[in-house]
Amino acid sequence: MEGKFYYAEIIAPGAALLDYDNDGDLDVLLVQGSRLSALGSGKNVQGSGDRLFRNDLQVNADGTRVLHFTDVTEPSGIVSRGYGMGVATGDFNNDGCTDLYLTNLGPNQLFRNNCNGTFTDVSKQSKTDDPSWTVSASFLDYDRDGWLDLFVGNYLSWRAESSTPCSTPSGRPDYCSPNVYQPQPSRLLHNNHDGTFTDVTVASGIAREFGPALGVSTADFNGDGWIDIYVANDGQPNQLWMNQRDGSFKNTGLLSGTALSAHGKAKAGMGVDAGDFDNDGDEDIFVTNLTGEGNDLYVNDGSGLFEERSARSGLGGASRGYTGFGTAWFDIDNDGWLDTLTVNGAVQTIEALRRENDPFPLHQRKLLFRNPGADPSGSARFEDVTARGGAAFELSEVGRGAAFGDIDNDGDVDVLVANNNGKPRLLINEIGARNHWIGLRLAGASQNVVAGLNTRDILGARVGIVRDDGVTLWRRARSDGSYASANDPRVIAGLGQSTRTPRVRVIWPNGTTEEWTTVAIDRYTLLKEGDGT
Amino acid sequence: MSRALWSRRRRAGLGAALLLMSACSSEPKTTPTSTSQTTEVDPSTLPAITLPDLSQMDKAVQQQIGDQYRSLQSLIESRSTPPHDLARAYGDVGNLLMAADHLEAAEPYYLHAQALEPGEMRWPYYLGHVYMNRAAPAKSIASFERALRLRPNDVATLVWLGNIYLDQGQPELAAMQFTQALSAQPGVVAALFGQGRAALAQREYSRAVNYFEQVLAADPRASMTHYPLALAYRGLGDTARAEAHLSQQGTVEIGPPDPLMAELRGLLEGAVAEENRGVRALDSGDFKTAAEHFRKGVALAPDNPSIRHKLGTALSLMGDMQGAVEQFQETVRRSPGFAQAHYSLGVLLAVSGRRQEAIERFSTAVKYEPGYVEARLRLADLMRQSGRPDAALTQYAQVMTIDPRAAEAQFGYAMALVQLKRYDEAHRRLTEGMSVHPERREFADALAKLEELRGRQ
């Protein structure tokens, strides 16, 4: 923070959980900013540098775990430029190793994982070095050709040297609102299967409408087997890009009921995630918003039409005092119902904190909500369990990104929180392992002979876990969603107290379906495309 | 361009703690009953309240709040001040702080005013707004209900209360408030809109359609209504009507007639307050009033480029081009990096036929703000019209990169190609344009002319 209320300094950062070295545990990437006034001066500024930490997880004989991380940024070859915003992860070249797309205020960077612990910056040659201000991005296979394409969510046109001064009604300087700046169009980049991408933004129809994009989540919202794209925009209508199965997309945000609040007002969409919170087999959407607005829950009827149930679910009213950023649907207690967590932090000065001479008066607490479970009427209210979340939930910080994944491989979802102008936090889940679970890595074939890898993660695969009580839990392998962050692509499904082996059905992104009947519980299993029945 | 700041944001937990402290200090000595006006607290028992740090505010606002506070202090020191006069003095400070967006600082002043003058509806009403904007719904509901006990059919209070119930997922309670508001003032649009929202939340789509249609019939400008109305039609299975309304969706909100809040908005002095009032006048088409407010703002903050630029804009809308140019020029003299002023100057220069100077202004605008689509597009058009099609092509190409939707850039690019006699490329561009922008007739017309031209050659 430079005391000049530079708008860009309150937007970042994100974080990623990824297994970059294929050793079976999640490593950490933290995004960093730098000095904006130096960037604005036109000098060649090296960013503080996004940092990669290798997870040296130790699992003891008694099952206890010791987490230890080693900063491997320099040996990894990752040299980030400019002012970091966020990160997306995916294996874009199908070599079995997870690559990194770093979003920046300025040109983005694609780092190809060399499968030997190092990365190579291939931004220019891959044509992914979008110069706009990007916050969130997502790898997705929108054309079902088996190669990950890239959606780049662009935000606003802003430069430090022409930063507009803004102030409160009393004239006190403060951060501007996003409507002071022009939104920039998002991009859809098609994977050419040769390490390069082609910009298909116009041809795909994505260019027709855009807003200041902050959150991106991709899922098959209408159940037709093709991945769609949901974009949360800051202060402008959100977009739901329905895949037309011919390389083009149509924005159904308004008719679907996911563009605006129920009374027609655009909110300041920040973080977003899609998940089947009501276990009815379709993807519902949760969006975090600004203080005073409340977060939004859009409930899918299975056809891609949604009903806004923010108030009725309790998620809207309880979050009105917070500015939400990173979020996800995840089953914190492995009871089979998706819960939700949001990390929060204001974007304009909180007067009460300023009065206390707080040097960084934007901080807020996180929020944790427990899903109450089945309710056919749809009127069940989420329970605010923040106070029971432990010491981490008593901290008030300027939360931005949040990456979700099982960092200690104990079968429940942990959370890596990226704070603005503050330390990151790693929240270890202590209750999920009390219930039973299955963990799945959804993979396809890779022909990486050099590295000896024969599997690659498949993002976008849907998994139906048919429990012995007849309920089917639908989950999806994804790294996107949340805010400027990348999640563990593995799927964890909570089984509650059941010890029965569930049937597992996988719908791969190419449309084929397979089943497994012998997936062990309470451990991770690799499900490889073609190995099922 | 709107300078509206994001919604007020406060941390609920801290707010609750402050409230508790204030409530303990000021209210226990009263026995608040519904309408009693005889339970005023003894002023001498009220704890002192200090002002927040005003140092970063506009000088005029500091002065205004400071004066009001000193006036309050002198009334407090004069032991003979009647309680209702003291209440109003506390309330006046609270009003200024609330208008300045210092909600938490305003709260104890309103609480004291309420304690001293329990029969006055304004204090719980303003407290209701304080708590509503601080996302403290329970306290907000309690305050609005208290205001209603003092003025049972106040439409604004009923509507705000109904809105809070809606936000809390209690549409049945919300509907009761809107019903009462409509009974007190039949046809009030904000209450009809609320009834529609409550019906929609209860999936009573026919009723929702009925209410929303009434809103639009009463106030066709209320364009935000089209969205929930569309969702109601969608609920009834009438997709065609839903889509018809979605195409009319806009951003004009519906609020209740609210004289008390309007009074607050007019209170604050200072540059930003004048700017905000100017923007409201500008939005309503009252350019003269807008210019007056912006001029006051400029006098208070001569180096603020945004206010001065708005003054220039208002003057140009009034037809005072010379005055507008002077303000834009002064803006860029004081703030050379303020791209919008360069752009506005460029527009006025281009209109008066001073193409080269306009080109320079647009070039400066995009130098400072490379993503400024309108400026770059105007620059490209002027370059093309000035016989510089090569330079225009570069600018059009950049516009298309920045905003792939920009049909004007695609069309201009094709026309520049025609100027360069690169007919095949121009033909391809126009054909693409027709396909991507079928609604734009100019592509087909130009293509026809191009084919005719090529036919003649």
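## Helices and a chain contact, term by term

Tutor: In helix α10 of chain B, the buried residues are Ala208(B), Val209(B), Tyr211(B), Phe212(B) and Val215(B). This is a predicted model, in which local features need pLDDT of at least 70 and side-chain atom pairs pLDDT 80 or more, while totals for chains, interfaces and linings use all residues. Residues are numbered from 1 along each chain as its sequence is written, and chains are lettered from A and ligands numbered from 1 in the order in which they are written.

Student: What do the buried residues of α10(B) pack against?

Tutor: Their partners are α9 (189–201) and α11 (226–235) of chain B. Contact here requires C-beta atoms, placed from the backbone, within 7 Å of each other. Helices (H or I, at least four residues) and strands (E, at least two) are DSSP runs, numbered from the N terminus.

Student: How do you know that Ala341(B) counts as buried?

Tutor: A buried residue has 20 or more other C-beta atoms within 10 Å of its own (12 or fewer is exposed, in between is partly exposed). Ala341(B) has 28 C-beta neighbours inside 10 Å, so it counts as buried. This residue belongs to α18 (339–351) of chain B. Leaving out residues up to four places away in sequence, Ala341(B) touches Pro305(B), His309(B), Phe328(B), Thr331(B) and Val332(B).

Student: Why does the span of α21(B) agree with what it should be?

Tutor: The expected span is 1.5 Å times one less than the number of residues. The 14 residues of α21 (389–402) should therefore span 20 Å, and the end C-alpha atoms are 20 Å apart, which agrees. Buried residues of α21(B) include Leu393(B), Tyr396(B), Val399(B) and Met400(B), and the buried residues of this helix pack against α20 (373–385) and α22 (407–419) of chain B.

Student: At what angle do the axes of α3(B) and α4(B) cross?

Tutor: The axes of α3 (83–99) and α4 (103–116) of chain B come within 8 Å and cross at roughly 165 degrees. That makes α3(B) roughly antiparallel to α4(B), since over 145 degrees counts as roughly antiparallel (under 35 is roughly parallel, 65 to 115 roughly perpendicular, the rest oblique). Axes are lines fitted to C-alpha atoms over the stretch in contact, and angles run from 0 to 180 degrees between N-to-C directions.

Student: Which hand does the crossing of α3(B) and α4(B) have?

Tutor: The crossing is left-handed, a term used when the near helix is turned anticlockwise from the far one by less than a right angle (clockwise is right-handed). The residues of this contact divide into 14 nonpolar, four polar and no charged. Ala, Val, Leu, Ile, Met, Phe, Trp, Tyr, Cys and Pro count as nonpolar, Asp, Glu, Lys and Arg as charged, and the others, Gly among them, as polar.

Student: Why are α15(B) and α16(B) called roughly antiparallel?

Tutor: Helices α15 (287–300) and α16 (305–318) of chain B pack at about 155 degrees, with axes 9 Å apart. Against the cut-off of 145 degrees, they are therefore roughly antiparallel to each other. Here too α15(B) passes α16(B) in a left-handed crossing. Their contact residues divide into eleven nonpolar, one polar and four charged.

Student: How many residues does each chain give to the contact of chains A and B?

Tutor: Chain A gives 57 residues and chain B gives 65. On the side of chain A that touches chain B, the largest share, four residues, comes from α6(A). By class, that side has 20 nonpolar, 25 polar and twelve charged residues.

Technical notes
Two residues are in contact if their C-beta atoms, placed from the backbone, lie within 7 Å.
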